[in-house]
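My notes are below, in the order I took them.

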Amino acid sequence: MNHVTVTLPDGSTKQVESGAPAKAVAEAISPRLADAALAAVVGDRMVDLGYPLTQDAPVRIVTNKSPEALELYRHSTAHLLAAAVTNLFPRVQCGIGPPIDDGFFYDFVVERPFVPEDLQAIEAKMKELASQDLPYQRQMWPRQEAIDFFTKRGEPLKVQLIEEKAAGQAEVSVYTIKDKDTFVDFCVGPHVPSTSKLKAFKLTTTSNAYWKGDAKNQPMQRVYGTAFFSQKELDEHLTRLEEAKKRDHRKVGRELGLFTFHPWAPGAGFWLGKGTTLYNTLADYMRGRLNSAGYDEVKTPIVYNKALWELSGHWSHYRENMFLVQSADGDEMGLKAMNCPGQYLLFASEKHSYKEMPIRYAEQTPLHRNEASGVLAGLTRVRQFSQDDGHCFVMEDQIASEVEALLRLIQGIYADFGLSYSAKLSTRPEKFIGEVATWDHAEASLKQALEKAGQDYWINAGDGAFYGPKIDFDITDAIGRKWQCGTIQLDYVAPERFQLEYVGADNAVHRPIVIHRAIFGSLERFIAILIEHFAGAFPLWLAPVQAIVLPIADRHQDYARDVVATLEAAGLKVELDDRQEKVNYKIREAQLQKIPYMLVVGDREAADRAVAVRSRAKGDLGARALDQFLSDALAEVRSKALS
RNA sequence: GCCGAUGUAGCUCAGUUGGCAGAGCGCGUCCUUGGUAAGGACGAGGUCACCGGUUCAAUCCCGGUCAUCGGCUCCA
């Protein structure tokens, strides 16, 4: 009998019969492992437990503790979904069904769209199939046989997939789940050994999608679901979704009176007083930060002749996303979707010396992008917004130090909001402009800057812009969602197009390099993120109303106004609730408005020039002298304390 | 833009199998002057998103438009 030797992750070896399934390795280790096994990794390839071992190799058993297990598990759940749908709707055609970040989906061609009751029925059928302990059987079929099979079954999409994905292969891999019907899917796998391994899943939503994600192709019904190893984890996930719903900035923004929308200005926010205060707080904070970092705030026009957009390249590549208007003379004009071209014109309006470099422009003027109506979403995807935009014009040997300074600035700014984040470096793509040597130097400069700034990062190879490499920042909010906000992009192309120049020490003319950079990204979107991150309970330094004064009875109104005036004079944002309501009532409202401090004033406080402080987070803190409260609050604002 | 769902008072939502439009909160007036999460009474507030069709009659049925929401990137 032939044997093969497998090497386990701890370095030990086991002998199994040649051709024995991968599962035999798990069995040889322990019955418990054999029971927990979902798949195996042989060499560097993940395979089914039934995969025959025919040569010596490193082998690792995949259980639900393994990093790749959840994807595998969800992929198998997607197959279970397809099996259930095929069972309930025999005339359905199946598309593809991959795992995704939060679960999985499967696309189908159906006679009518799915309704919520269908989802319930499908989920019930999935549970039934799961309880039947049906094996996922992998078979290799001759390619033509598979094509014939799917043709006969009325699944032209599967046939198309086989023809594309398995071009030139003699055999293709199919998986079957044998129920009363047999569900057969063309799939490379691997899969869990049996439907009984799938313990906790839920179908979440249904939507339209297109075959291969292209609107020109056949429309399909997509069913989304999610799956976890245990009911507990699934429940936690569903709770997180609930939490996200509660924090939705559109809901909170309305409740807190920050902004609203109107059908006549789709994709553009109307900012109420408090929202404008919040907006200005952020805008001014960024102004201060950038000013200290050596930026000049500038303002460039919003409407430009199309000549500019032709020069910048937007006319040919971006026109459908621009709002176009006509001047009184009939000239075609376009509203800017980005600040860059205007700033280049500004830069080129003066002669520059190397002694001025780097030159840094910051700008917050409004931008307009004519986004398709279907993609608009609250403040996160709008047609009118402002960026904390900026461009640094640098000399080649200034890239590393400029980027390093920028990285430190970004670190400090995100820290002020208590946001954690990750950085990714995107390098030269396949389609690029310029010299490889220039790219190599640019990428090396970025890496050097990242390392000197002590910034952890990961490399996203080949994902840079065609005009230069970039660093992007994904922030993680309080409930674990990631949002891309900041960016640092090197640009070698724009200075060329706009013939930007500076005079060097050698008295010759040189081209600067442009660094596009933003930290919040869009102010509107960043505010939406902050609302959801803090669930509307902003730290004192950001809160649009920092304190509210609550007089107990009418005779305390004069003193209450005095308190408001004193605090406002010192720069705090204070409101007065002088309605004829009881304190309990006023407190409830202020609490729901998430106002950080409620200052109750009655006879005792008026007599002592004091305020009874109630903290939004900590409740009644007792009375303290007005001056004391004021200096404490100012210190809290200055320190940008987060709670 | 495409697919689906939704659109009733400022907000959250009932409702009408086609026959005068409802609640709670909020808002206004009055009473109450109250000490850490909702005091009471009365009242105002609606072109049932918009345009058209069917009908004796449309908020309801049909068609169109607009907006909002969920998707439209994840590759066997």
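**Entry: domains.** I noted at the start that this is a predicted model. I then looked up how chain A is divided. Domain 1 covers 3–62, and domain 2 covers 69–243. Domain 3 comes in two pieces, 260–300 and 337–534. Domain 4 takes 302–335, and domain 5 takes 547–639. I checked one separation: the C-alpha centres of domain 1 and domain 4 lie 63 Å apart.

**Entry: cysteines.** I searched the whole structure for disulfides and found zero. Cys 187 is in no disulfide, and its nearest cysteine sulfur, on Cys 94, is 12 Å away. With a cut-off of 2.5 Å between sulfurs, that pair does not count as a disulfide. Cys 187 is buried, at 8% relative accessible area. Cys 485 is also in no disulfide; here the nearest cysteine sulfur belongs to Cys 340, 18 Å away. Cys 485 is buried too, with a relative accessibility of 6%.

**Entry: helix H9.** I turned to H9, residues 273–292. The helix has 20 residues. From first C-alpha to last I get 28 Å, close to the 28 Å expected at 1.5 Å a residue. Which residues of H9 are buried? I list Gly 275, Leu 278, Tyr 279, Thr 281, Leu 282, Ala 283, Tyr 285, Met 286 and Leu 290. What do they pack against? The partners include two helices, H13 (399–416) and H16 (523–534). Strands E17 (270–271), E22 (359–363), E24 (384–386) and E32 (513–518) are also on the list. After H9 comes Gly 294, with a positive phi near 90°.

Entry: An α-helix has 3.6 residues a turn, so residues three or four places apart point the same way. Asp 284 is partly exposed at 44%. Arg 287 is partly exposed at 30%.

Entry: I looked next at H13, one of the helices that the buried residues of H9 pack against. Arg 408 and Glu 404 form a salt bridge there, 2.8 Å from N to O. They sit four residues apart in H13, about one turn. Are the two partners buried or partly exposed? Arg 408 is partly exposed at 43%, whereas Glu 404 is buried at 15%.

**Entry: other salt bridges.** My search of the whole structure gave 32 salt bridges. One of them joins Lys 212 to Glu 164, the closest N and O atoms being 2.5 Å apart. This pair links distant parts of the chain, 48 residues apart. Lys 212 is in the loop between strand E14 (200–210) and strand E15 (219–228), while Glu 164 is in helix H6 (156–165). Lys 212 is partly exposed at 43%, and Glu 164 is partly exposed at 41%. I also noted a network of salt bridges that links Glu 243, Lys 246 and Arg 247.

**Entry: Gln 93.** Gln 93 is buried, with 14% relative accessibility. I set aside neighbours within four places in sequence and listed the contacts of Gln 93. They are Asp 107, Phe 108, Val 109, Gly 154, Glu 155, Pro 156 and Leu 157.

Technical notes. Residues numbered from 1 in each chain as written. Chains lettered and ligands numbered in written order. Predicted model: local features only at pLDDT ≥ 70, side-chain atom pairs only at ≥ 80, totals over all residues. Heavy atoms only, no water. Buried < 20%, exposed > 50% of the residue type's maximum accessible area, 1.4 Å probe, protein only. Expected span 1.5 Å × (residues − 1). Contact = heavy atoms within 4.5 Å. Domains from an automatic or database assignment. Salt bridge = Lys/Arg side-chain N within 4 Å of Asp/Glu carboxyl O.
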